[in-house]
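Me: I have a model open and want to know what stands behind its labels. Can we go through them one at a time?

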Amino acid sequence: MDEDFSSRPGPSAVSRHPPAVSPPPSALSTQHSALRTQYSAEGVPYLQLAGLAELPGLVHGISTRAGGVSEGPYAALNVSLMVGDERARVLENRARLARALGAPPEQVYTCRQVHGAAWRVVDAETTPADIEREPLDILLCSRPGSRLLLKFADCTPLLLWDPRRRWVAVAHAGWRGTAQRVATVAVQALVDSAGSEPADLWAGIGPAIGGCCYEVGDEVIAAVAATLPAPAAAVRPGRGTRRHLDLAEANRQQLVAAGLAPERVLSARCCTACHSDTFFSHRVQGLPAGRFAVVAGVR
Ligand SMILES: [Zn+2]
């Protein structure tokens with residue numbers, strides 16, 4: 001199944017699935033002070049990290065399950081064309097999210113996420129069709145108006161912003177990506193592409209499965225721990241001899257080790273499995289499940 005973001009859904013596709021905005025994720029923002037809820041002109045809710053929302057020049061948003069047109073396990077705002085949902089519905093969902101973040105759908109760029117650490121710059125010559133099938137887990141951009149979109153259902157979303165050079169990056173950090181130091185690679189990609197100084201950068205760590213819920217095998221703990229200055233802080237006891245991994249903490253450590261100021265690394269501290277009513281969660285839903293989006297760009 002292809003991921004063609006450049007073709008917009010036709011009028012018939014839209015009228016077949018009239019807007020049905022779900023209840024807003026209001027309970028979440030009262031529980032999680034790091035997240036604030038915004039609404040598009042169409043009434044589509046999206047979340048922002050409070051500390052990043054004030055930064056001029058940066059546009060960002062985290063979608064929820066609400067405000068889209070998908071049904072069943074994809075209800076309602078699934079953004080992935082790769083999980084079995086109807087294409088017209090996914091394109092309508094993406095279009096609503098794009099408009100919420102001030103861009104036409106044809107200015108939204110996504111890629112085929114493969115749990116790696118490969119990166120690419122989206123520039124004036126790049127079209128969405130160029131990269132939609134490319135195996136990438138980091139996207140970078142400095143072009144005002146373009147929007148980078150990655151898809152999640154428990155993996156850790158990372159967002160980087162260089163306010164001096166006005167470059168943005170997004171990254172997809174599940175355990176495999178974290179073990180490959182995808183956060184570190186994303187920082188280095190900004191250094192190489194934009195001349196960024198790591199100490200200038202702001203980082204956002206979005207909603208992801210938390211240390212409360214993410215039970216993993218010892219081999220997963222070992223692979224991620226090998227990349228961390230303080231691995232014990234990213235591991236929690238679980239049932240019996242099992243252990244839980246805190247991927248947000250692991251990525252926070254990698255970002256600080258890469259030279260970011262600790263006070264500029266902001267975390268949602270919000271578990272997608274605990275809040276599977278608000279976010280798609282692979283662990284809770286199993287297969288099939290939709291994907292929510294983290295979108296970022298330069299204003
Ligand atoms: Zn949890």
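Predicted model: local features only at pLDDT ≥ 70, side-chain atom pairs only at ≥ 80, totals over all residues.

Me: Which peptide bond ending at Pro288 is cis?

Reply: The one from Leu287 to Pro288, with omega near -5°. Pro288 lies in the loop between helix H10 (282–285) and strand S15 (292–298). Most peptide bonds are trans.

Me: Why does His115 count as partly exposed?

Reply: His115 has 17 C-beta neighbours inside 10 Å. Buried needs 20 or more, and exposed needs 12 or fewer. The value falls in between, so His115 is partly exposed. His115 belongs to the loop between strand S4 (108–109) and strand S5 (119–122). Its phi is positive, about 60°, although His115 is not a glycine.

Me: What makes Arg269 partly exposed?

Reply: The count for Arg269 is 16 C-beta neighbours inside 10 Å. That is between the limits of 12 and 20, so Arg269 is partly exposed. Arg269 also has a positive phi, about 50°, without being a glycine. Its loop runs between strand S14 (265–267) and H10. Most residues other than glycine have a negative phi.

Me: How do you know that S11 and S13 pair?

Reply: Pairing takes at least two bridges between the strands. S11 and strand S13 (residues 243–245) have 2 bridges, so they pair, in the antiparallel sense. For Val216, the bridge partner in S13 is Arg243.

Me: Why is the set of 89 residues called a nonpolar core?

Reply: The name applies because such a set holds buried residues of listed types, Ala, Leu and Ile among them, joined through C-beta atoms within 7 Å. Those with the most contacts inside this largest core are Ile138, Leu139, Leu160, Ala169 and Ala186. Helix H7 (residues 182–194) gives the most to the core, with 8 residues. Ala169 touches several residues, including Ile138, Leu160, Ala186 and Leu190.

Terms used. Residues numbered from 1 in each chain as written. Helix = DSSP H or I, 4+ residues; strand = E, 2+ residues; numbered from the N terminus. Contact = placed C-beta atoms within 7 Å. Lists of a residue's contacts leave out its neighbours within four places in sequence.
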